Each structure stands twice: as structure tokens, then as C-alpha cells.
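Have the structure open as you read.

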Amino acid sequence: MSFVKRKVDKTPIEDTVFAIVKKAKEDKERVGAENVVDATIGSLYNEEGSIVAFDSVFTPYNQIAKETKAAYASSFVGNESFRKQVYEWVVGNRSALAHSVIATPGGTGAVALSVQEILDEGETLVIPEIAWGSYRLMAAMNNVEVATYSLFEDDHFNMKSFKEVCEKVMQKQKKLLVVINDPCHNPTGYSLSMEEWKEIVAFLNSCAKHGEVVLLNDIAYIDYSYDLEHCRDYISCFDAFDEKVMCVIAFSCSKSLTSYGLRCGAAILMAKTQQLVRDVEIVFEKAARATWSNIPNAAMDNFTQVTTTNVEAYIKEKAKYIALLKERSDIFMKEAKECGLACYPYKEGFFVTVAMDNETRDCYHEALMKEHIFTVKVNKGIRVAVCSLSVTAIKGLAKRMKEILDTL
Ligand code: PLP
């Protein structure tokens, strides 16, 4: 007997992150925190081991009137000032496409809305082979199938696999929803080049000869790019999209503002005409209303304030942590190269992933824990969260990891 709907997968979530976080915590209590490397936590942590909560974000947040915090948002698609500012912050003057913005609970809300409202049951969502686990879960909860493209060929994006998988799905369902998590891909830290993006845009246009194409560009980590000045440039390529191609950019305040718990983000819809955008906006608005109703008013106002009147302090504070992230990842990647620990091509972002097949990964993950090194298993690899490891903890880590790998 079961009380839940019939067409739902009832196997519990295999919680690959929180279960290991708990093990790491227990190990710290047993042997002392200084003897444990906890590379599991996917939020930005400082060198002292605490979560970073930007002053430039939370000082203004704490000054927001309680009445503003108490009130509903002014619309189901988000406050007008927020919607405008999200577009300005992410796209600005890089595109002439018709557009709209819908406030969502984090990037999760934007991705989930897209999967739920763009595909019908039984259709297929295309995602990277190594990816944030929630994509698959979202597909499953909507009775949507998943097809994966291989991410890399040597040290660059596997365009061949991307095209093959998209074409196959297109042939089958005459419609395509494809996820690209770029820049700062979770968990490998890869970012596409401008040339790669141009090729993707041209290819999606060719797919559109056979049906509608939606590119879901998940930019959760964009504000930690090591090249902030140019990391949004690729968006200008989207102007070359055909009428039958739309882009949904999933934006998240969680990482950008270190405000994971405030649950604020947005879906930016972009297409050739306002009518095409409006068509999707209507459905997204209804789905939003039917699911979470509206987004925390104060979180939206906070984003607007931080990225306008407080922007200088915010950029300055964030720059310090981007430099720290770079320092940490540089050490890990340099040492990994020196000792021959194979990693996927990392360019920027919160995570580095050590490359291996899944069988090796499972034994290796256990072996690492025995040596008090806690990491997260991902498809075909082991994720090391450089976002939360101190420089001291990172120094020598790649070598230790390689030595443990060699004992298997
Ligand atoms: N996309 C990716 C790749 C992520 O890693 C995450 C969070 O871990 C998200 C989206 C969404 O995060 P949030 O819902 O907190 O904005």
C-alpha cells in the first residue's frame, strides 16, 4: 500500500553529500579537526573554517525594515526592481533578444521550472554526464528521461558527444531541452571558450530545423569566474539564435551573494520575439504560483541593493574570495600535475574533480576516508571542494591523494 501518487520513484534519495558530511564531522570529533581533511562542503568557507557571509550583503540585509521582510512580494514573477536588476546584472547590454525574468527560489527553482514546464512526461532531458545531481532528480520527479553527453575529449569540451546526443533526442521527440552548466561547471570547474559557445549556438540552430530547442544555461557559479570582466561575453552569441531556439538562464543568488539560505534566484527567458518569451512566461508564472507562490521579498530587495548602491563594497569583498579560491585551486592543480593525479580540466569555480572510473572511485572514496580525507563521489570522479578547504589543508593534499590511489 502507498499513499503517494502511482507514477513516482519511491527509492530514497542517495544522499552522497550530507551522509559524508556527517561522517567527516564524526571523524573530527574522534581524531581532532586538525587531522581531518573535509573536502565535502560545497559552500564558500574562509581560512578559519567558517562559512563566508559577505558583510556587504548581510549588513544591508539586516537593515531591511521588518515590514518589508514580512510582506509578500509584489508579484508572482518577482518584484519589478529585482527582475530588472537581475537582467542588468547577468545580461546587461550584451543582447538584443526579447526577454523576461521570473524570480525563483534559488537556481534550483529556475532549473526545476524549466524541466517541469518545457518537457512532457516521457520526453528526454539532455544533461552532462558529470553533473549536479539535482538535474537527474528533477527529471525523475517529472517522469522525464535523461540522456547524457560526455563532457570532455582530452582537455576540452566533447562537442562530438554533445552533438550526437542532442541529435538523437531531437530525432526522437522533435524537441530539445539541453542543460549546459557554464561557466565554472559543477563539479569539474570547466568553462567553455567563446569558440565552443559559438559552435554550440550554430549547432542548436541546426537542430531547430526539426523542432523547438531550449538551452538551459545554469550559471550558478558565474560570479566566481577568474575573468569577471569577460565571463558573460558569450551571452552575446545567443543573439544568433534562430526563431525556434530559446534560452533559459538559471541565475542563483546563493553563491553570488553567499545567501544560500535566502532562497532567491531567477529564470531569465530569452528568445527572438516577445511573443515567444511571453508564451513561456505565462506558463512559468502559473507554475510558480502553483508551487511556491512568491519569492522572499527581502531577499529580492537585498539583491537589488547589493548590486546597485552597495556594488563597490560587494565587488571588493567578493574579489578577496575569488583570489582565495584561485590560490587554493592553483595549489591543488599544480601539485596534482606534479604527482600525476589525473583531474578533469579545471579552469575556475568551487570544485576540482579527480578523474577515474566508477569502480575505482568507490574503493578510493573508502580508502580516502580511512586516511581521514572526506570527499564527494560524482559520476566518474571524486569531487574536492576547494571552496571550503583552507590553503593549509590543500597544501600536500593532491600528493597524499595520489599515494592513496596508488595503494589500491
Ligand atoms: N546549479 C548548480 C550547478 C548548483 O551546484 C547549485 C547548487 O548547488 C544550483 C544550481 C542551485 O543552487 P540554489 O538553488 O541554492 O541557487
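## Where α13 meets α15

Let's start with a helix pair in this predicted model. On the α13 side you'll find Thr360, Tyr364, Ala367 and Leu368, and they meet Met401, Lys402, Ile404 and Leu405 of α15. Sorted by type, the residues of this contact come to 6 nonpolar, 1 polar and 1 charged.

As for geometry, helix α13 covers residues 358-370 and helix α15 covers residues 397-406; they pack at an angle of about 120°, with their axes 10 Å apart.

## The core around Met401

Met401 turns up again in the largest nonpolar core, which has 109 residues: along with Phe238 and Phe332, Met401 touches the most other members. Helix α12 (residues 311-339) supplies the largest share of this core, with 8 residues.

What does Phe332 touch, leaving aside residues up to four places away in sequence? Its partners include Leu341, Cys343, Val352, Val384, Ile394 and Met401. There's also a second, separate core of 30 residues, with Val144, Leu216, Val248 and Val277 among them.

## Another pair: α5 and α10

Helix α5 (residues 106-118) packs against helix α10 (residues 274-291) at about 115°, and their axes are 10 Å apart. That makes the two helices, α5 and α10, roughly perpendicular to each other. The crossing of α5 past α10 is right-handed.

From α5, the contact uses Leu113, Ser114, Gln116, Glu117 and Ile118; from α10, Val283, Phe284, Ala287, Ala288 and Thr291.

Notes: Residues are numbered from 1 along each chain as its sequence is written. This is a predicted model: local features need pLDDT of at least 70, side-chain atom pairs count only at pLDDT 80 or more; totals for chains, interfaces and linings use all residues. Side-chain values use heavy atoms; hydrogens and water are left out. A nonpolar core is a set of buried Ala, Val, Leu, Ile, Met, Phe, Trp, Tyr and Cys residues joined through side-chain atoms within 4.5 Å. Buried means under 20% relative accessible area, exposed over 50%, partly exposed in between (1.4 Å probe, protein chains only). Helices (H or I, at least four residues) and strands (E, at least two) are DSSP runs, numbered from the N terminus. Contact means heavy atoms within 4.5 Å. Axes are lines fitted to C-alpha atoms, for helices over the stretch in contact, and angles run from 0 to 180 degrees between N-to-C directions. Angles under 35 degrees count as roughly parallel, over 145 as roughly antiparallel, 65 to 115 as roughly perpendicular and the rest as oblique. A crossing is left-handed if the near helix is turned anticlockwise from the far one by less than a right angle, and right-handed if clockwise. Ala, Val, Leu, Ile, Met, Phe, Trp, Tyr, Cys and Pro count as nonpolar, Asp, Glu, Lys and Arg as charged, and the others, Gly among them, as polar.
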